Amino acid sequence: NEDWWVRQTITLLVLVSTSAYALYILTASFNYYFVYDHKLMSHKRFLKDQVRKEIMYTFWSIPYMTLLTVPVFLGEIRGHSKLYDDVEEWGYSFLAISVFTFLFFTDMCIYWIHRWLHIPFLYKHIHKPHHFWKIPSPFASHAFHPVDGFLQSTPYHIYAYMFPLHKVLYLVLFVFVNVWTVSIHDGNFKVPAALKPFINGAAHHTDHHLYYYHNYGQYFTLWDRVCGSFRNPSAFEGKG
């Protein structure tokens, strides 16, 4: 019976874990070989054998993140979310608007989750492993404690439970989120001048790894600016 929840759970465990490994390996490897600034590996705070350690930590973490995430996916495929199949149900204009509302909503939520993860107790027990990598490589992008990785992914699922979202767009955005997560760890600080005040890129996130209490945002600088945690990237000021 394809609708049996046990069968669906087992299928999701296999599908989510293998997809997570594949997406991580493909996106991080591509970025590492074709985008990443390898000069950063000579930085005094880049750890010995760091890339291997980032990969091994991620490989250890993914199965546990999968276990935490599968119940949420199970609820989605069993019809408890607001995901829908037919574009005509809400129209193409709504489909386009959904991209922007998804990014705005998840950026806001991740800002606060990320900031709360820097509360000393939570930082020590959950978030600190991600800050082992002071000068991250693309392979640090998913090197999280499993609970940390799960918590920072919850806004994507919360959105799907609160607001209508097309299923295909949901998957596309999920891939985009993972690609973006890799990109903010790649040390490529080039951003079009017109976007520098708005986009939270690799330069911002590298400073976050170095200075801890700034630039918590995922895509945009909005919430850091509103809440007083914005730091203009050292790289933009010629200091890093």
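The model is predicted, so local features need pLDDT of at least 70 and side-chain atom pairs count only at pLDDT 80 or more, while totals for chains, interfaces and linings use all residues. Residues are numbered from 1 along each chain as its sequence is written, and side-chain values use heavy atoms, with hydrogens and water left out.

**Exercise 1.** Classify the ring pair F30 and F34, and find where the two residues lie.

*Solution.* Start with the rule: rings of Phe, Tyr and Trp (its six-membered ring) pair if their centres lie within 6.5 Å, and planes under 30 degrees apart count as stacked, over 60 as edge-to-face and the rest as tilted. The structure holds 30 aromatic pairs. In this one the ring centres of F30 and F34 are 5.0 Å apart and the planes are at 40°, so the pair is tilted. Helices here are DSSP runs (H or I, at least four residues), numbered from the N terminus.

**Exercise 2.** Are F30 and F34 buried or exposed?

*Solution.* Use the cut-offs: buried means under 20% relative accessible area, exposed over 50%, partly exposed in between (1.4 Å probe, protein chains only). F30 has 52%, so F30 is exposed. F34 has 64% and is exposed too.

**Exercise 3.** Describe the largest nonpolar core.

*Solution.* Such a core is a set of buried Ala, Val, Leu, Ile, Met, Phe, Trp, Tyr and Cys residues joined through side-chain atoms within 4.5 Å. Two or more residues come from each of α1, α2 (50-77), α3 (92-116), α5 (146-162) and α6 (167-183). Now look around L165: leaving aside neighbours within four places in sequence, its contacts (heavy atoms within 4.5 Å) include K82, F102, Y159 and Y170. A second, separate core has ten residues, among them A28, F46, I135 and L210.

**Exercise 4.** How many residues of helix α7 are buried, and what do they pack against?

*Solution.* Count first: nine of the ten residues in α7 (residues 202-211) are buried, leaving the helix mostly covered. Among those buried are H204, H205, D207 and L210. Then trace the partners: the buried residues pack against α3, α4 (120-127) and α6. Finally, step past the helix to Y212, whose phi is positive, near 70°.
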